[in-house]
Amino acid sequence: MGGIASQIQLKRLEFVCGERVMRYPWWFSLFVFFPIIWMAATRGYFGDTFMYQITYLKMPDSFLEFAEYLKSVEKDKGYSVFAFFVKQIVGNNTVCYFAVVAFVQAVLLITVFRKYTPYYIMVVFLFVASTDYLSWMFNGIRQFMAVTIVFSATIFMLKKKYLPLLGVILLASSFHKTALLMIPCVLIAQGNAWNKKTLVFIAVILLSVAFIGTFTSLLDSALKETQYVNVVSDYKSWNDDGTSFLRVVFYSIPAILSFIWRKKIQKVRDPLVNFCTNMSIISMGLYVISMFTSGVFIGRLPIYVSLYGYILLAWEIHHCFRKEMIQFAIGGLIVVYSLFYYVQMKVWEMF
């Protein structure tokens, strides 16, 4: 798709954040993403697929029966309501069910990616090469629905319209309670890149790692009245030794580069770049915590903020390298991330 786009002038002028910018048309953006939607719809029994299929097929067909069924659902009822309406349209066809879920997630992702970056194809490549499409569109789809709903509200975050943003986050939390994490994250991410709030956040992360025993005790207490009660004892009993060091390093690349080039970023004074930088710092911090605690539980939280890292990394490649080095940097990025993808696919149990 990148090769085709480089030979044909597909981009057109649009207004984004009050500026005239070049963006790919919607049809091409969806065309680039279509293979992911297709694979997500027709996948085999990957991850939680079987569980989602069984839950979907057992869901009542009628509104009256569903009303009674919903009373028995203990958590994340928003997703159950969504799945019920999908069932009214496609029936018991689970391929169509997964196709609808993947399409909704894709549209919400595409809306933000194509709007806020001229390097859309590179961003989609990073989303694939990082295996996020597998981890979320093939596996944790309930949480990823919440992620994409919140992600679609990026415009409210940038414009600091907190009331409608809170409404979107609360809606997303009905799909997965972890969406509430975005409330403090958005507040931390506001302002210039590498501001005092982000430095305090990094300090808190370092203290949490230094006193990991105290941190896990506090985490257990904080989650006592939620659906994640006993999360610490659960991941310890499962011998969950945390997110792998290699994965933490790769997800930290946008934040690490932003620190190296922080003066350039601060000089540009672009609100979007500042916001994505601070979100990437938060993502790095959460991944560091997950490395010392749980990859299954804590390692699932950074996805709310790590998506902004792809926008930032593409911007860094095109704006922080010298012009004669940009193509070399792009080639290096493709090679390195392709190797990362290969290692994860071939040595999956390591991660």
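**Entry 1: P271**

I call a residue exposed when its relative accessible area is over 50%. P271 reaches 59%, so I note it as exposed. The model I am reading is a predicted one. I found P271 in helix α18, which covers residues 271-292.

**Entry 2: aromatic pairs**

How many aromatic pairs does the count come to? I get 30 aromatic pairs. I looked at Y133 and F138 to begin with. Their ring centres are 5.6 Å apart and the planes meet at 85°, so I log this pair as edge-to-face. Both Y133 and F138 are buried.

Next I took F250 and F340. This aromatic pair is stacked, with 4.0 Å from centre to centre and 5° between the planes. Why does the pair tie together parts that are 90 residues apart in sequence? F250 belongs to helix α16 (residues 245-260) and F340 to helix α20 (residues 323-346), so the contact links parts 90 residues apart in the chain. F250 has a relative accessible area of 11%, so I count it as buried. F340 is at 2%, so it is buried too.

I also noted a cluster. F63, F66, Y69, F84 and F85 make up one aromatic cluster.

**Entry 3: charges over rings**

Which ring does the charged end of R43 sit over? I traced it to F98, 4.0 Å from the ring centre. I then looked up R262. Its charged end sits over the ring of F259, at 4.2 Å from the centre.

**Entry 4: cysteines**

I searched the whole structure for disulfides and got zero. For the record, a disulfide is a covalent bond joining the sulfur atoms of two cysteines. I looked up two cysteines anyway. C96 has 32% relative accessibility, so I list it as partly exposed. C276 has 1%, so I list it as buried.

**Entry 5: a nonpolar patch**

Which residues form a nonpolar patch on the surface? I listed Y162, L166, L170, L180, I183 and L187. Together they have about 480 Å² of accessible area. I then asked where they come from. Helices α11 (162-173) and α12 (182-189) each give at least two residues to the patch. The largest share, three residues, is from α11. L180 sits in the loop between α11 and α12. At 34% relative accessibility, L180 is partly exposed.

**Entry 6: positive phi**

I looked for positive phi in residues other than glycine. T131 has a phi near 70° and is not a glycine. I placed T131 in the loop between α7 (120-129) and α8 (132-137). Is T131 buried or exposed? Its relative accessible area is 0%, so I mark T131 as buried.

R269 is also on my list. Its phi is positive, about 55°, though R269 is not a glycine. Where does R269 lie? I found R269 in the loop between α17 (262-268) and α18. Its relative accessibility is 62%, so I mark R269 as exposed.

Terms used. Residues are numbered from 1 along each chain as its sequence is written. This is a predicted model: local features need pLDDT of at least 70, side-chain atom pairs count only at pLDDT 80 or more; totals for chains, interfaces and linings use all residues. Side-chain values use heavy atoms; hydrogens and water are left out. Rings of Phe, Tyr and Trp (its six-membered ring) pair if their centres lie within 6.5 Å; planes under 30 degrees apart count as stacked, over 60 as edge-to-face and the rest as tilted. Buried means under 20% relative accessible area, exposed over 50%, partly exposed in between (1.4 Å probe, protein chains only). Helices (H or I, at least four residues) and strands (E, at least two) are DSSP runs, numbered from the N terminus. A charge sits over a ring if NZ of Lys or CZ of Arg is within 6 Å of the ring centre and within 35 degrees of the ring normal. A disulfide is a pair of cysteine sulfur atoms within 2.5 Å. Patches are made of residues with over 30% relative accessible area and no salt bridge: like charges are joined within 9 Å, nonpolar side chains (Val, Leu, Ile, Met, Phe, Trp, Tyr) within 5 Å. Accessible areas come from the Shrake-Rupley method with a 1.4 Å probe; for residues, only the protein chains shown count as cover. A salt bridge is a side-chain nitrogen of Lys or Arg within 4 Å of a carboxyl oxygen of Asp or Glu.
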